[in-house]
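Please open the model in a viewer and keep the selection panel at hand.

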Amino acid sequence: MPEITRPKLVAYALAAVVVVVLGVRFMHAQQGRAGGPEGAAAAPRPDAPDGAAAGTVRIERERGTSQLVHVAGAVRRPGVYRLPAGARVQEAVRRAGGARPGADVNAINLAAKVADGQQVVVPARAPRATGTSAAAGTPGAGTAAGAGAVPGAPVSLNSATAEQLDTLDGVGPATADKIIQWRTQNGGFRSVEDLAQVPGIGPKRMAALRERVQP
């Protein structure tokens, strides 16, 4: 066996130290990478895209709020329809198939916003009274026809003009203006019972008008 000299032993020892130092540095580098940006990216953050997406979903749900509206009267497909928030009466009539021939769409406010649970009634045009029917009718029938009202037909609270409301018993010009102002501020009458919320409509007057009006 050849003899190992002292210089060779020193060289071998230095080489072993270098290998150990390089091994330690390599292990530290691997540990740093494991806890570096990749590990940080895996941790949840409040401002991560998932959080933003959750916020977007909540906003979309609020924007997607819908409301049910009952469309009746002179329309092709009367019924209850679901409309988006902020929809107008015109859209409600369109969803019901549009107005039928003979409908008086000018008698309602097509630009008004609808409310959840509201009933939109499209009235039909009142037939013109002929001379024969006016003569055969009771006194004052000609006056009622001239006012554009159909005897016995309920007056629509959501579409009647001030003149038509004035023809109701106990409703004068001032009360008619209050009814129109109330339906404008509250998006229309959902039922006849809402009429009791109009200033000047007491229990007695409400009982007299209940059978004479409709939403």
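How many bridges join strand β1 to strand β2? Select residues 66-73 (β1) and 79-84 (β2): six bridges join these strands, which run antiparallel. Strands here are DSSP runs of E of at least two residues, helices are runs of H or I of at least four residues, and both are numbered from the N terminus; two strands pair if DSSP finds at least two bridges between them.

The model is predicted: local features need pLDDT of at least 70, side-chain atom pairs count only at pLDDT 80 or more, and totals for chains, interfaces and linings use all residues. Residues are numbered from 1 along each chain as its sequence is written, and side-chain values use heavy atoms, with hydrogens and water left out.

Next, select L68, whose bridge partner in β2 is R82, and then H70, which stands opposite V80 in β2. A hairpin of five residues joins β1 to β2.

The three strands form an open sheet in the order β2-β1-β3, with mixed pairing. β2 and β3 are at the edges with a single partner strand each, so one side of each lacks a neighbour in the sheet.

Finally, select N109, A112, N158, R183 and G188, which are the closest to the centre of the second largest pocket among its 19 lining residues. A pocket is an open set of points on a 1 Å grid over the protein atoms alone, where a 1.4 Å probe fits, with protein on both sides within 12 Å along at least five of seven lines; lining residues have an atom within 4 Å of a point. β3 gives the most to this lining, with three residues.
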